[in-house]
Amino acid sequence: IEEIDKILSVIDVSTTEGTRNYAIFETLYSCGLRVSELTNLRFQDLYFDEGFIRVEGKGGKQRLVPISDIAIQKINNWIDHRKQINIKKGSKDILFITKRGNAISRITVFYYARLYAEMAGIEKEISPHVFRHSFATHLLERGANIRVIQEMLGHEKISTTEIYTHLDRNFLRQEIIEHHPRSRLKEK
């Protein structure tokens, strides 16, 4: 969580590009999206009043994903800035566009993930997928049901979701100690 916060803190939101990028990374983390799902978001996919976005995942499967109030706020900030851009034909309904008015590419999102991680002093390899992985892991660590996480990530099989939930052994041990009925000695 601290690393996500560090990455977000280095984004200069006083610029149009920074406002867009903050919205991008907040959305990746808050919704657990694949980078391709993010770059394909369109205005008709936003159901902010209901607190959801519609995402087209692998195989063209659509799902509704809850979106946080913070992500909604950051996207709305971006939309205010987006109005200043001369948008190219074919990109008018695309949510995230470049300063030249074209749909943002996956490569651009990868570039900024690495740039901001470096600026934040994070030395490990960072990609947009790390935000998706962090989304799943942080939810599980805080008690979310793995089946709910599976649904939000758009996984057909629970085994795919389990890959995202690598937890350190200390956390697992603590969970067992806290929740298993036989983990505590009874007073005599």
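I take contact to mean heavy atoms within 4.5 Å.

**Entry 1: ground rules.** I am working with a predicted model, in which local features need pLDDT of at least 70, side-chain atom pairs count only at pLDDT 80 or more, and totals for chains, interfaces and linings use all residues. Residues are numbered from 1 along each chain as its sequence is written, and side-chain values use heavy atoms, with hydrogens and water left out.

**Entry 2: T27 and its helix.** I looked up T27 and found it in helix α2; helices (H or I, at least four residues) and strands (E, at least two) are DSSP runs, numbered from the N terminus. T27 has 0% relative accessibility and therefore counts as buried. Buried means under 20% relative accessible area, exposed over 50%, and partly exposed in between (1.4 Å probe, protein chains only). Leaving out residues up to four places away in sequence, I list G32, L33, L38, L41, A71, I75 and F96 as touching T27. Of the 16 residues of α2, 14 are buried, so the helix is largely enclosed by the rest of the structure. Just after α2, I noted that G32 takes a positive phi of about 70°.

**Entry 3: the nonpolar core.** I next looked up the largest nonpolar core, which has 42 residues. Such a core is a set of buried Ala, Val, Leu, Ile, Met, Phe, Trp, Tyr and Cys residues joined through side-chain atoms within 4.5 Å. F25, I53 and F96 have the most contacts inside this core. Its largest share, seven residues, comes from α2.

Entry 4: Which helix holds E37? I found E37 in α3, and at 3% relative accessibility it counts as buried. A salt bridge is a side-chain nitrogen of Lys or Arg within 4 Å of a carboxyl oxygen of Asp or Glu. R34 forms one with E37, the closest N and O atoms being 2.5 Å apart. R63 forms another with E37, at 2.9 Å. R63 lies in strand β3 and E37 in helix α3, so this pair ties together parts that are 26 residues apart in sequence. Both R63 and E37 are buried.

**Entry 5: a further pair.** I found K83 and D80 meeting in a salt bridge (3.8 Å, N to O). K83 is exposed, with a relative accessible area of 64%, whereas D80, at 45%, counts as partly exposed.
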